[in-house]
Structures are given as C-alpha cells and as structure tokens.
Amino acid sequence: MCKLDCSSNKHLSTQEVLSHHDKSQLKSREAHFSPRPKTKMKLQEELRKRKEDEERHAQEEEFLRSSLRGSQKLRALEKRASSGLENSAFLLEEGDAPAAPPPDGKLVASEPDGEPPELTKLYEPATLLDTLHNLEAGLAKLGLSESMVELEKLFHNPEFQSLLTLHNKVQDLSCFKCLPTPVCADAQVISLEVVRALQDVPSKDAKELLHLLGKHPFENLMFCHDKVAASQVVPDISEEEELLARLSQYTEESIKIVRIEKTTEPLGATVKNDGEAVIVGRIVKGGIAEKSGLLHEGDEILEVNGLELRGKTVNDVCDIMASMSGTLTFLIVPTQYDIPKQQTRESVIHLKAHFDYEPDDDLYVPCRELGMSFQKGDVLHVISQEDPNWWQAYREGEEDQLLAGLIPSKNFQQQREVMKQAVVGDTREKKSKKRHHRRKKKKMYNLSYNDDTDAEQILTYEEVRLYYPRAHQKRPLVLIGPQKVGRHELRQRLMEDTNRFAAAVPHTSRTKKDSEVNGVDYFFISRTQFEADILAGRFVEHGEYQKSYYGTSLDAIRSVIDAGKTCILNLHPQSLKILKKSDLMPYVVFIAPPSLEKLRVNCLKMDQPVKDDELKDIIEKGREMEEFYGHYFDLVLINVDLEKTYSELLHEISVIEREPQWVPATWIKDDST
C-alpha cells in the first residue's frame, strides 16, 4: 500500500488516493449494498469527502507533533531569562530538531557522545522557589492557569530541603571535585580506641566527646566511611614489588600470601615453636582467623607485615600480634600434611568449674589474650575438645561472644593439681589433726571436716545439665554452715510456713516415751535394725548419743517431698556426699560467717555472746568448710544481717521452684521426661 503524504498541498487523483486493495473493497461494498450502480456525480462526491477527511486527520497529527517542540508558547518560555529545568529523561524522537540551547545558568549540558548529561550547577531550595514563581508568572502571561501549589509545598518541606542539601553535597564531591583520598579504612576501630582511652578521663570535654562518639548516628557514619574508604584503596605497586622481592629470599617451594583484616580483638589463633619455625597451633572458634578460612593448623608463618618471625618465641609472636591491627599480610608455608586430631564430641559439653582460673597467672596458656578466666561455680559451655590440653569454651551468660576462650582441659588441670599437692605436702592433714586434737568435747555427730575420699579426689570440672522444676517435686533445701552463724535461726524462720516447708522426721534406736508419737516425733526402730540400715546406706546422717542411735533417713526426706513440700535440712558437710549420690537432687546453701565485728553483733542479737577466740574459730571453720566442701554448694550467703539473709534465701527458693537450674548430669541422665 502506498504511503499518503499528508503534508503536501497537491491534489491527488482518484487513482492515487485509492489503492488496488481499496478499489476492490469499494467495489465489493457497492455490489453488496447498492441495488443498482451509482452515478458518476455521487461517486465524485464521496471521493471528495474522503479526501477532506484524510487531509484534516493529517493536519491534526502534524499539529500535535510540532506543538510539543516548536510551539510559539514554549519558544517564548525558552527565551525568558529564568528558563525552566530541562528534563534529560525526555529524549528527542527520530526526526525532531533539538531545542535551542538554554542560556547561561543552565543546570544540565548534553554530552556530544550521547552519554547522560552531567550536572554543571547546583540549585538551593530558595533558587528552586524563585524559578517556580517565574514559571507561574510566565504561564499566566500566556493565558495558562496551571497551579503550582503542590510543587511549592514540596519545595517548602523541611525533609525535601534536607535531602536536596545532602544531594548537593554528594554531587559537589562526585561531579565537581575529586574525591578526597581516605586517610584510613579503620575509622570505626580508631573511634572505639578513643572511647576506651577516655573512659577514665574526668574532664568535661572528655565526657562530651564520649557522648558524641557513643551515638548510633556517629557509629553508622564511621561504618559507612570505612566501607567507602576500603573500596577506594588502591594497591601500592611499590609495596607489591617489595613483597615479591621478599618472597624470592625464601627457598620453600610453596609460599602463599594471606591478608586478614584484624580489629582490636584477638586474631583467634595460637602459635607454637617447632625449632625456629613459628607454627599455627590452633584456630579458635568464632575468631577472625576461623571466619577468613585462610589460616590452618600446621601452617608455618614466615613473616607478618614485613616482620620475620623465624627464630622468635611464642611470647614474642603474641606481643607482636597484639600490637597490630588493620590489614595483616602473612607469608605462609602451607602445611603439607593433615594434623591428626583427637576424636571429639560434636555436641556442646556443659561443665561446672570447681576451681578459680586466671589466664594472666598461667605460664602454660598458649595465648593469654585467648585465655578465659572463670571462678569456682561458673558453668562453662565447652565447644571444642580437639586439643588434649586446652579446650575452647564460652562462659554461661556470654554465649553471644564471637570468640571462644581457652581453658585448661580436665586431664591437664588434674595433672597440675597433683603436682601442686605434691609440693604443698600434707599441710592440710597436719592442721586438721591439730585442730581435732584440741577438741575434746563429745558431740552427737562426727564433726571431722576431713573426708579421706574427698581429699583424694582432684576436683576440676563436673558435667552438668539443665533441670526443669516440677510443681509436685520440690528439691530439698540443705543449710550448711558452722555453729552460731545463724543457720538454725534461718531454719526456724522457714519452718514457720508449715504449708510450704517441713522437716524430715528423724529415726532413733532409743525407747519411745509415753508422750511421743511414732512417725511424728521419731521413727522408733531397734538398734539392730538401725545398724542394718546404716550398712545399707539408708541414712543421710547418723550418730550415737548416750548409747542410742539418731539419724535422718532418705525415706523420711522423700516422704516430705511426696507431700508436695520443701524439706528443710540442717546437715553437717559430711552428709552432702551421701545426699548427692541419691535421687533427691538437694539444693545446698552455705551460710558463711561475716567479718569478726559483724559476727559479734549477730551473736549478741541471738543472745549468744562469744569471745573473740571463738569468733575467730567460727570464721576459720567456715573457711575450711568452703574449701573442702565448696564443690557441693549451689549458693553461698554471707550472713551479715539475718533479716536480709532470710529475704535472699526466700527469693532463691522461689527461683529454684520455677526456673531451670544446672545440676549434675548424673541426676537426670536417665530421665525420660
């Protein structure tokens, strides 16, 4: 079909207007709709009307195309001094002539190579408002009443003005100026070091600076700065050439270059000496070295940041690494063999510590920075036992720490304790014999604090598990402490609540009195039966007084528990070993004596005046109890004030009734519920 030239004024003939297809269609329509052929005059009239319609349609299209770019109204606006802003996204169509270039003060300039236009000028909010007002005035003169209210509201919006200011700052740096070279890529680390350095500075300026550095927007700013700075770091060619020159000095066949970003935190790896070589000993869980995956156990470190490490001791290497931060460049000789590892457990092992540990005082710790301090009674979550001497663990409550800590293994610590006891000798035994030699007063129970079995046992760690309380199975509460420290008074206060607490009914072999009730005052059994129960291990504690046996049985304690109450026990430390081996899961509270003066005041309040020598003896007995039997204690309360201690004790009882507790794993290892 031929194309119609709508812009020409030439009169087209009927043959030019109608194509062959149009003619055939017209003939078919005439043959179909006309009962008889049309006259020549009617045919010419139809052709004239068709031609007029086509010319009118062509003129409309021409007007629409040309009015968008070349209308007099828009050209008049372009000639005004305050022209509008050209929209670079509105691209010219094929065949359109480009608009006349705007006068001086333009915001954009077209690139000759077809690239997107670049900014050549920045506009402030006030300038945009002026331009908007000029545009409104120009449109009004042309008879157009376009409303610019919404745009004016937008330009007055403080948030828009802030974003425009920020945009201008970024464009000013990225389009009109060269980006400054970053001084460093660890501004966040430096700010943290400044915070630590200012912690103890009392000046007002230091406090104000600490306040500013601790704000979240500032921390976010430093984070973004480091990210941008890291992306602009250009490798120093001379540094690379120097590194390659150092590589050529070594004769090893395979040497790799490893770069790791190190913050103020430890790297998370330990080293050991193999002759003059410095070898990676272990990779600590959660550390930077483990996350990078670039260092492996058995790798030899030739140098770090240009410092040669061959011939240096482990302590020297630790000091060097502790002083470094930022990008660490290692020259590594990869290990050529697989290091045999001990068979390890995949699951986490939970241990209760029975000794205090401070890595700063340990000469054998592989790296003091990685050592984890803990105190007796702390629960440790061991995540790696690969090393036979040093385990990796987290302390209870600090599982969110990224880097695990090193603790001595159980066997390693036991070996050290054996050596320590060999050096100390039998000092404890001599003191114990001397003390018991002075004690001539007869007692109902054997008060010797020395237990041969416990003395031979070397306590390091004990595996524990979480126990979830049961509403109808209360753990018995055991109060331990020297005489006149206040534990009897605490027990009496607790027993006043008969709905919640109860005591176990004791057994005796003496004859029942008329006023006594069997099973209420005592369980009366024969002496022969009592001795048989002792041999069978049915008593938690027992003793002989005036040729009669007295004791507290496990069954009596269990009866109180079955009644849904908490059994309160006042026991001697010797009984804890038997009680721990039972299925009763006792909660042991040690009531410790306070200072000498406080203890004297407490004794006077309890109408128990004692001399200073007796007070000192009470304090010494408390120290010995804690030393020999402390591994049985779940809680230590120093009885400075009886009322306060009683409140604390009630609170702890409530806690163990509703919250999980760490208990020896042997208590619940066969628990199927």
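**View 1. An open sheet of 6 strands, in a predicted model.** The strand order here is E12-E11-E10-E9-E13-E23, and the pairing is antiparallel. Strands are DSSP runs of E, at least two residues long, numbered from the N terminus, and two of them pair if DSSP finds at least two bridges between them. At the edges sit strand E12 (405-408) and strand E23 (661-664), each pairing on one side only. Neighbouring strands in this sheet are turned by 50° against each other on average, direction ignored; the axes behind that angle are lines fitted to C-alpha atoms, with angles running from 0 to 180 degrees between N-to-C directions.

This is a predicted model, so to speak of local features takes pLDDT of at least 70, side-chain atom pairs count only at pLDDT 80 or more, and totals for chains, interfaces and linings use all residues. Residues are numbered from 1 along each chain as its sequence is written, and side-chain values use heavy atoms, with hydrogens and water left out.

**View 2. Zooming in on E11 and E12.** Strand E11 (residues 390-395) runs antiparallel to E12, and 4 bridges join them. Look for Ala393: its bridge partner in E12 is Gly405.

View 3. E14 pairs in the parallel sense with strand E20 (residues 566-570) over 3 bridges, and Val478 stands opposite Leu569 in E20. Strand E21 (residues 587-592) also runs parallel to E14, joined by 4 bridges, with Tyr587 in E21 as the bridge partner of Leu477.
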